[in-house]
Amino acid sequence: QLQLVESGGGSVQAGGSLRLSCALNEYTYPMGWFRQAPGKEREGVATIDSDGTKMFADSVKGRFIISADNAKKFLYLQMNSLKPEDTAMYYCAAGGKWLSLDRSDFGYWGQGTQVTVSS
């Protein structure tokens, strides 16, 4: 059973940075990060495939970086220049059918870590 555990969330002021980590007991590409704000649907933020190909939501391009440490089985999301609209619960996902930002394409999920950005 694939298990994912996120960490690294917290509260930060606008313009600040946070690094999210996701520990996996095994790698199942594609993998990625999604987020869900109160009253909104879960949306794709960034995903990565085994060949290093990445996909980003337009809203985070140029600000967020996704990376994977295959040896340690960690997935990361470096978030820079954070904005209040980035406030959400962030989820790690794995086992995607293919590289996409569609949550329905991913079969395994972590419990989430909260990110709050204040203005």
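These exercises walk through a predicted model of one protein chain, each with a worked solution.

Residues are numbered from 1 along each chain as its sequence is written. Local features need pLDDT of at least 70, side-chain atom pairs count only at pLDDT 80 or more, and totals for chains, interfaces and linings use all residues, while side-chain values use heavy atoms, with hydrogens and water left out.

**Exercise 1. Describe the fold in outline.**

Task: find how many helices and strands the protein chain has, and state its overall dimensions.

Solution. 
- Step 1. Count the elements. The protein chain has 0 helices and 11 strands. Both are DSSP runs numbered from the N terminus: helices are H or I with at least four residues, strands are E with at least two.
- Step 2. Read their order. From the N terminus it is β-β-β-β-β-β-β-β-β-β-β.
- Step 3. Judge the packing. The radius of gyration is 13 Å, close to the 14 Å from the globule rule for 119 residues, so the chain is as compact as a globular protein of that length. The radius is taken over C-alpha atoms, and the rule is 2.2 Å times the number of residues to the power 0.38.
- Step 4. Box it. Along the principal axes, the C-alpha atoms fill roughly 40 × 25 × 25 Å.

**Exercise 2. Find the core.**

Task: state which residues touch the most other members of the largest nonpolar core, and which elements give two or more residues to it.

Solution. 
- Step 1. Define the core. It is a set of buried Ala, Val, Leu, Ile, Met, Phe, Trp, Tyr and Cys residues joined through side-chain atoms within 4.5 Å. Buried means under 20% relative accessible area, exposed over 50%, partly exposed in between (1.4 Å probe, protein chains only).
- Step 2. The largest core has 28 residues, and Leu24, Trp33, Leu75, Leu77, Met79 and Tyr90 touch the most other members.
- Step 3. Name the elements. Those giving two or more residues are β3 (18-24), β4 (31-36), β5 (43-48), β7 (64-69), β8 (74-79), β9 (88-94) and β11 (113-118).
- Step 4. In soluble globular proteins, nonpolar side chains tend to be buried together.

**Exercise 3. Compare Tyr90 and Ser7.**

Task: is Tyr90 buried or exposed, and what does Ser7 contact?

Solution. 
- Step 1. Tyr90 is buried, with a relative accessible area of 0%.
- Step 2. List some neighbours. Beyond four places in sequence, the contacts of Tyr90 include Phe34, Val45, Leu77 and Val115. Contact means heavy atoms within 4.5 Å.
- Step 3. Check a distance. Tyr90 and Gly9 are 81 residues apart in sequence and 8.1 Å apart in space, C-alpha to C-alpha.
- Step 4. Turn to Ser7. It is found in strand β1 (residues 4-7). Ser7 is partly exposed, at 37% relative accessible area.
- Step 5. List its contacts. Leaving aside neighbours within four places, they are Arg19, Leu20, Ser21 and Thr113.

**Exercise 4. Inspect the loops.**

Task: find which bond is cis, and where Lys73 and Ser81 are.

Solution. 
- Step 1. Find the bond. A cis peptide bond joins Tyr29 and Pro30, with omega about -5°. Pro30 lies in the loop between β3 and β4.
- Step 2. Look at Lys73. It is not a glycine, yet its phi is positive, about 60°. Lys73 is in the loop between β7 and β8.
- Step 3. Look at Ser81. Its phi is also positive, about 50°, although Ser81 is not a glycine. Ser81 lies in the loop between β8 and β9.
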